[in-house]
Amino acid sequence: MKIVILDGFTLNPGDLSWKEIEQFGEVEIYDRTPAEKVRARIQDAEIVLTNKTPVDRDTILNSPALKYIGVLATGYNIVDIEAANERRIAVSNVPTYGTHSVAQHTFALMLELASHVGLHANSVHHGDWSAQPDFSYWLKPMVELNGKTLGIVGLGKIGQAVARIALAFGMKVISYHTHPDRDRMEGVTFVDLETCFKDADVVSLHCPQTESNKGFVNEKLLKTMKPTSLLINVSRGALILEEDLAFALNNDIISGAGLDVLSKEPPLDNPLLQAKNCIVTPHVAWATQSARARLLKTVAENIKAYLKGKPQNVVGK
(Lines give C-alpha, C1' and ligand atoms only; values in the text may rest on other atoms or scores of the structure.)
Protein backbone atom coordinates (compact mmCIF):
# COMPACT_ATOMS: atom_id res chain seq x y z
CA MET A 1 0.00 0.00 0.00
CA LYS A 2 1.27 3.44 -0.93
CA ILE A 3 0.89 6.47 1.33
CA VAL A 4 1.70 9.99 0.08
CA ILE A 5 2.29 12.92 2.42
CA LEU A 6 1.82 16.08 0.38
CA ASP A 7 3.22 18.70 2.77
CA GLY A 8 5.00 17.16 5.72
CA PHE A 9 7.52 19.88 6.54
CA THR A 10 5.49 22.09 8.86
CA LEU A 11 4.36 19.09 10.91
CA ASN A 12 7.77 17.47 10.98
CA PRO A 13 10.73 19.66 9.96
CA GLY A 14 13.04 16.96 11.32
CA ASP A 15 12.43 16.83 15.06
CA LEU A 16 9.85 14.01 14.91
CA SER A 17 9.81 10.54 13.36
CA TRP A 18 7.59 9.24 10.56
CA LYS A 19 7.97 5.64 11.81
CA GLU A 20 4.40 5.40 13.05
CA ILE A 21 3.18 6.13 9.51
CA GLU A 22 5.83 4.02 7.76
CA GLN A 23 4.62 0.87 9.52
CA PHE A 24 1.57 0.83 7.25
CA GLY A 25 3.31 0.63 3.87
CA GLU A 26 5.43 2.50 1.34
CA VAL A 27 5.52 6.17 2.32
CA GLU A 28 6.41 8.99 -0.06
CA ILE A 29 7.01 12.28 1.77
CA TYR A 30 7.05 15.71 0.17
CA ASP A 31 7.95 18.81 2.17
CA ARG A 32 5.56 20.83 -0.02
CA THR A 33 3.42 20.17 -3.09
CA PRO A 34 2.33 22.91 -5.51
CA ALA A 35 -1.29 22.62 -6.62
CA GLU A 36 -0.37 21.64 -10.17
CA LYS A 37 1.56 18.56 -8.96
CA VAL A 38 -0.99 17.09 -6.54
CA ARG A 39 -2.71 14.78 -9.02
CA ALA A 40 0.52 13.39 -10.40
CA ARG A 41 1.95 12.69 -6.96
CA ILE A 42 -1.08 10.79 -5.64
CA GLN A 43 -2.10 8.87 -8.78
CA ASP A 44 -1.23 5.45 -7.36
CA ALA A 45 -1.68 6.22 -3.66
CA GLU A 46 -4.38 4.58 -1.56
CA ILE A 47 -3.82 6.96 1.36
CA VAL A 48 -3.08 10.68 1.07
CA LEU A 49 -2.11 12.87 4.01
CA THR A 50 -2.31 16.64 3.71
CA ASN A 51 -2.02 19.60 6.02
CA LYS A 52 -2.73 22.71 3.93
CA THR A 53 -2.33 21.43 0.37
CA PRO A 54 -5.81 21.39 -1.26
CA VAL A 55 -7.21 18.10 -2.48
CA ASP A 56 -9.93 19.35 -4.79
CA ARG A 57 -12.84 17.72 -6.59
CA ASP A 58 -10.99 17.13 -9.85
CA THR A 59 -8.12 15.46 -8.02
CA ILE A 60 -10.42 13.21 -5.99
CA LEU A 61 -12.52 12.12 -8.95
CA ASN A 62 -9.44 11.39 -11.06
CA SER A 63 -7.33 9.47 -8.54
CA PRO A 64 -8.58 5.90 -8.94
CA ALA A 65 -6.42 4.33 -6.22
CA LEU A 66 -7.39 6.85 -3.57
CA LYS A 67 -9.44 5.42 -0.69
CA TYR A 68 -8.59 7.51 2.37
CA ILE A 69 -7.56 11.13 3.05
CA GLY A 70 -6.02 12.05 6.36
CA VAL A 71 -5.88 15.74 7.26
CA LEU A 72 -2.82 16.65 9.35
CA ALA A 73 -4.81 19.29 11.21
CA THR A 74 -8.20 20.01 12.74
CA GLY A 75 -9.57 22.19 9.93
CA TYR A 76 -10.46 20.21 6.81
CA ASN A 77 -11.74 22.85 4.38
CA ILE A 78 -8.82 22.05 2.05
CA VAL A 79 -10.53 18.76 1.07
CA ASP A 80 -13.59 18.65 -1.18
CA ILE A 81 -15.75 16.59 1.17
CA GLU A 82 -18.67 16.31 -1.27
CA ALA A 83 -16.45 14.71 -3.91
CA ALA A 84 -14.91 12.39 -1.30
CA ASN A 85 -18.39 11.29 -0.21
CA GLU A 86 -19.37 10.60 -3.82
CA ARG A 87 -16.45 8.21 -4.12
CA ARG A 88 -16.94 6.85 -0.59
CA ILE A 89 -13.50 8.04 0.43
CA ALA A 90 -13.18 8.46 4.18
CA VAL A 91 -11.71 11.77 5.35
CA SER A 92 -10.35 12.06 8.90
CA ASN A 93 -8.93 14.98 10.84
CA VAL A 94 -7.18 15.40 14.19
CA PRO A 95 -9.61 17.28 16.41
CA THR A 96 -7.97 17.98 19.79
CA TYR A 97 -4.19 17.66 19.58
CA GLY A 98 -3.36 21.35 20.07
CA THR A 99 -5.81 22.43 22.76
CA HIS A 100 -3.29 23.40 25.42
CA SER A 101 -0.73 24.86 23.02
CA VAL A 102 -3.31 27.07 21.31
CA ALA A 103 -4.72 28.22 24.65
CA GLN A 104 -1.19 29.04 25.79
CA HIS A 105 -0.53 31.08 22.64
CA THR A 106 -3.82 32.91 23.12
CA PHE A 107 -2.51 34.20 26.42
CA ALA A 108 0.95 34.86 25.02
CA LEU A 109 -0.66 37.31 22.58
CA MET A 110 -2.95 38.74 25.24
CA LEU A 111 -0.13 39.25 27.74
CA GLU A 112 2.12 40.92 25.17
CA LEU A 113 -0.66 43.38 24.38
CA ALA A 114 -1.31 43.93 28.09
CA SER A 115 2.25 44.04 29.46
CA HIS A 116 4.40 44.74 26.36
CA VAL A 117 7.16 42.41 27.56
CA GLY A 118 8.84 42.12 24.17
CA LEU A 119 8.68 45.86 23.58
CA HIS A 120 10.33 46.67 26.90
CA ALA A 121 12.92 43.89 26.59
CA ASN A 122 13.99 45.22 23.18
CA SER A 123 14.18 48.72 24.63
CA VAL A 124 16.48 47.54 27.42
CA HIS A 125 18.75 45.72 24.95
CA HIS A 126 18.99 48.92 22.90
CA GLY A 127 20.36 50.74 25.94
CA ASP A 128 17.28 52.76 26.89
CA TRP A 129 17.26 51.61 30.53
CA SER A 130 20.95 52.41 30.98
CA ALA A 131 20.28 55.95 29.74
CA GLN A 132 17.32 56.52 32.11
CA PRO A 133 17.57 58.89 35.08
CA ASP A 134 14.94 56.75 36.90
CA PHE A 135 14.96 53.16 38.09
CA SER A 136 11.85 52.35 36.04
CA TYR A 137 10.12 53.47 32.85
CA TRP A 138 7.44 52.20 30.51
CA LEU A 139 6.82 52.86 26.84
CA LYS A 140 3.10 52.08 26.79
CA PRO A 141 0.46 51.83 29.52
CA MET A 142 0.23 48.34 30.97
CA VAL A 143 -3.06 46.61 31.73
CA GLU A 144 -3.85 44.31 34.65
CA LEU A 145 -6.02 41.43 33.46
CA ASN A 146 -7.42 40.62 36.89
CA GLY A 147 -10.99 41.88 37.02
CA LYS A 148 -11.25 42.40 33.27
CA THR A 149 -13.86 40.62 31.13
CA LEU A 150 -12.84 38.06 28.52
CA GLY A 151 -15.36 37.35 25.77
CA ILE A 152 -14.83 33.98 24.09
CA VAL A 153 -16.46 33.28 20.74
CA GLY A 154 -16.75 29.50 20.58
CA LEU A 155 -16.52 27.51 23.81
CA GLY A 156 -15.29 24.21 22.42
CA LYS A 157 -12.24 22.38 23.78
CA ILE A 158 -9.84 25.27 23.10
CA GLY A 159 -12.31 27.92 24.23
CA GLN A 160 -12.81 26.02 27.49
CA ALA A 161 -9.06 25.76 28.04
CA VAL A 162 -8.74 29.51 27.48
CA ALA A 163 -11.61 30.11 29.92
CA ARG A 164 -9.87 28.09 32.64
CA ILE A 165 -6.70 30.16 32.27
CA ALA A 166 -8.72 33.38 32.30
CA LEU A 167 -10.53 32.37 35.48
CA ALA A 168 -7.17 31.61 37.10
CA PHE A 169 -6.11 35.17 36.18
CA GLY A 170 -9.16 36.48 37.98
CA MET A 171 -10.97 37.51 34.82
CA LYS A 172 -14.72 37.45 34.32
CA VAL A 173 -15.57 35.16 31.39
CA ILE A 174 -18.51 35.53 29.03
CA SER A 175 -19.04 33.54 25.85
CA TYR A 176 -21.04 33.47 22.65
CA HIS A 177 -21.43 29.80 21.74
CA THR A 178 -23.77 27.82 19.50
CA HIS A 179 -24.19 24.95 22.01
CA PRO A 180 -24.59 26.58 25.45
CA ASP A 181 -26.71 23.73 26.87
CA ARG A 182 -24.19 21.10 25.81
CA ASP A 183 -21.06 22.95 26.88
CA ARG A 184 -22.03 24.71 30.09
CA MET A 185 -18.99 25.57 32.20
CA GLU A 186 -18.74 26.83 35.74
CA GLY A 187 -17.64 30.46 35.82
CA VAL A 188 -18.73 31.21 32.23
CA THR A 189 -21.83 33.24 31.37
CA PHE A 190 -23.32 32.76 27.91
CA VAL A 191 -24.42 35.90 26.08
CA ASP A 192 -25.39 36.92 22.54
CA LEU A 193 -22.72 37.94 20.03
CA GLU A 194 -23.29 41.68 20.34
CA THR A 195 -23.09 41.57 24.14
CA CYS A 196 -19.92 39.49 23.96
CA PHE A 197 -18.18 42.18 21.91
CA LYS A 198 -19.74 45.15 23.70
CA ASP A 199 -19.02 44.05 27.28
CA ALA A 200 -15.62 42.38 26.90
CA ASP A 201 -12.26 44.00 27.55
CA VAL A 202 -10.69 41.22 25.47
CA VAL A 203 -12.48 39.21 22.76
CA SER A 204 -10.87 35.92 21.72
CA LEU A 205 -12.04 33.90 18.69
CA HIS A 206 -12.14 30.11 19.02
CA CYS A 207 -14.85 29.12 16.55
CA PRO A 208 -14.46 27.12 13.33
CA GLN A 209 -14.74 28.93 10.02
CA THR A 210 -17.93 28.26 8.06
CA GLU A 211 -19.58 29.81 5.05
CA SER A 212 -21.97 31.65 7.33
CA ASN A 213 -19.40 33.31 9.61
CA LYS A 214 -16.78 34.49 7.12
CA GLY A 215 -15.96 38.10 7.88
CA PHE A 216 -18.42 38.34 10.77
CA VAL A 217 -15.93 40.51 12.67
CA ASN A 218 -16.59 43.64 10.63
CA GLU A 219 -16.60 47.40 11.11
CA LYS A 220 -20.09 47.41 12.60
CA LEU A 221 -19.22 44.81 15.24
CA LEU A 222 -15.82 46.34 16.02
CA LYS A 223 -17.47 49.71 16.67
CA THR A 224 -19.51 48.12 19.48
CA MET A 225 -16.30 47.30 21.37
CA LYS A 226 -14.72 49.46 24.05
CA PRO A 227 -11.94 51.76 22.77
CA THR A 228 -9.63 50.12 25.34
CA SER A 229 -10.47 46.57 24.24
CA LEU A 230 -8.30 43.94 22.57
CA LEU A 231 -9.09 41.33 19.89
CA ILE A 232 -7.33 37.94 19.75
CA ASN A 233 -7.63 35.47 16.88
CA VAL A 234 -5.92 32.08 16.88
CA SER A 235 -8.73 30.41 14.93
CA ARG A 236 -9.07 31.31 11.23
CA GLY A 237 -8.09 34.55 9.53
CA ALA A 238 -11.18 34.74 7.33
CA LEU A 239 -13.40 35.26 10.37
CA ILE A 240 -12.25 38.89 10.29
CA LEU A 241 -12.66 41.52 7.58
CA GLU A 242 -9.05 42.57 7.74
CA GLU A 243 -9.43 46.03 6.22
CA ASP A 244 -12.11 46.79 8.81
CA LEU A 245 -9.87 45.65 11.67
CA ALA A 246 -6.93 47.68 10.34
CA PHE A 247 -9.19 50.74 10.17
CA ALA A 248 -10.38 50.11 13.75
CA LEU A 249 -6.81 49.85 15.03
CA ASN A 250 -5.48 52.84 13.14
CA ASN A 251 -8.40 55.02 14.25
CA ASP A 252 -8.40 53.97 17.93
CA ILE A 253 -11.78 52.27 17.72
CA ILE A 254 -10.14 49.40 19.64
CA SER A 255 -6.80 49.37 21.44
CA GLY A 256 -4.98 46.38 19.95
CA ALA A 257 -5.08 42.98 18.27
CA GLY A 258 -3.10 39.77 18.55
CA LEU A 259 -3.39 37.47 15.54
CA ASP A 260 -1.88 34.09 14.74
CA VAL A 261 -3.88 33.66 11.54
CA LEU A 262 -4.62 35.74 8.46
CA SER A 263 -6.99 35.22 5.53
CA LYS A 264 -4.12 34.37 3.20
CA GLU A 265 -1.02 32.60 4.49
CA PRO A 266 1.71 33.48 3.99
CA PRO A 267 0.54 37.09 3.58
CA LEU A 268 1.70 39.17 0.62
CA ASP A 269 -0.15 42.45 1.05
CA ASN A 270 -2.20 42.58 4.22
CA PRO A 271 -3.22 45.86 5.89
CA LEU A 272 -2.82 44.33 9.34
CA LEU A 273 0.94 44.00 8.88
CA GLN A 274 1.19 47.78 9.10
CA ALA A 275 -1.72 48.42 11.47
CA LYS A 276 -1.18 50.16 14.79
CA ASN A 277 -0.67 47.98 17.89
CA CYS A 278 -1.23 44.76 15.96
CA ILE A 279 0.83 41.68 16.80
CA VAL A 280 0.93 39.00 14.09
CA THR A 281 2.59 35.61 14.56
CA PRO A 282 3.01 33.13 11.67
CA HIS A 283 0.28 30.55 12.47
CA VAL A 284 2.37 28.90 15.19
CA ALA A 285 -0.12 28.42 18.04
CA TRP A 286 -0.43 24.73 17.12
CA ALA A 287 3.26 24.09 16.59
CA THR A 288 4.81 23.13 19.92
CA GLN A 289 6.70 19.86 19.63
CA SER A 290 4.34 18.24 22.14
CA ALA A 291 1.29 19.20 20.09
CA ARG A 292 2.84 18.07 16.81
CA ALA A 293 3.84 14.73 18.35
CA ARG A 294 0.24 14.20 19.52
CA LEU A 295 -1.00 15.12 16.04
CA LEU A 296 1.29 12.60 14.36
CA LYS A 297 0.27 9.88 16.83
CA THR A 298 -3.42 10.50 16.14
CA VAL A 299 -2.84 10.46 12.37
CA ALA A 300 -1.31 6.99 12.77
CA GLU A 301 -4.25 5.89 14.91
CA ASN A 302 -6.66 7.23 12.28
CA ILE A 303 -4.93 5.19 9.57
CA LYS A 304 -4.99 2.07 11.74
CA ALA A 305 -8.72 2.52 12.35
CA TYR A 306 -9.34 2.95 8.62
CA LEU A 307 -7.40 -0.22 7.80
CA LYS A 308 -9.51 -2.12 10.32
CA GLY A 309 -12.65 -0.95 8.53
CA LYS A 310 -13.72 1.37 11.33
CA PRO A 311 -12.43 4.84 10.42
CA GLN A 312 -12.40 7.35 13.26
CA ASN A 313 -12.49 11.16 13.44
CA VAL A 314 -14.37 11.12 10.15
CA VAL A 315 -15.50 14.55 8.97
CA GLY A 316 -18.17 15.83 6.63
CA LYS A 317 -20.57 12.88 6.69
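User: Which residues is His 116 in contact with, leaving aside its neighbours within four places in sequence?

Analyst: Contact here means heavy atoms within 4.5 Å. This is a predicted model. In it, His 116 is in contact with Leu 111, Lys 140, Pro 141 and Met 142, once neighbours within four places are set aside.

User: Where does His 116 lie, and is His 116 buried or exposed?

Analyst: His 116 is in the loop between α5 (99-115) and α6 (117-125). For burial, the cut-off is under 20% relative accessible area. His 116 has 5%, so it counts as buried.

User: Now Ile 21. What is its relative accessibility, and which helix holds Ile 21?

Analyst: Ile 21 is at 0%, so it counts as buried. Its helix is α1, residues 19-22.

User: Which residues is Ile 21 in contact with, beyond its neighbours within four places in sequence?

Analyst: Look at the residue numbers in the list. Ile 21 touches Ile 3, Ile 5, Val 27 and Leu 49, and also Leu 296, Val 299, Ala 300 and Ile 303. One distance makes the point: Ile 21 and Lys 297 are 276 residues apart in sequence, yet 8.7 Å apart in space, C-alpha to C-alpha.

User: What share of the contacts in the whole chain joins residues 24 or more positions apart?

Analyst: Among contacts with a separation of 6 or more, 59%. As for burial, 48% of the 317 residues count as buried.

User: How many helices and strands are in the chain, and why is the chain called as compact as a globular protein of its length?

Analyst: There are 11 helices and 12 strands. The radius of gyration is 22 Å, close to the 20 Å that the globule rule gives for 317 residues, so the chain is as compact as a globular protein of that length.

User: What is phi of His 283, and what is phi of Asn 313?

Analyst: His 283 has phi near 50 degrees, positive in a residue other than glycine. Its place is the loop between β12 and α11 (289-307). Asn 313 is not a glycine either, and its phi is about 55 degrees. Asn 313 lies in the segment after α11. With a relative accessible area of 29%, Asn 313 is partly exposed.

Conventions:
Residues are numbered from 1 along each chain as its sequence is written. This is a predicted model: local features need pLDDT of at least 70, side-chain atom pairs count only at pLDDT 80 or more; totals for chains, interfaces and linings use all residues. Side-chain values use heavy atoms; hydrogens and water are left out. Helices (H or I, at least four residues) and strands (E, at least two) are DSSP runs, numbered from the N terminus. The radius of gyration is taken over C-alpha atoms; the globule rule is 2.2 Å times the number of residues to the power 0.38. Buried means under 20% relative accessible area, exposed over 50%, partly exposed in between (1.4 Å probe, protein chains only).
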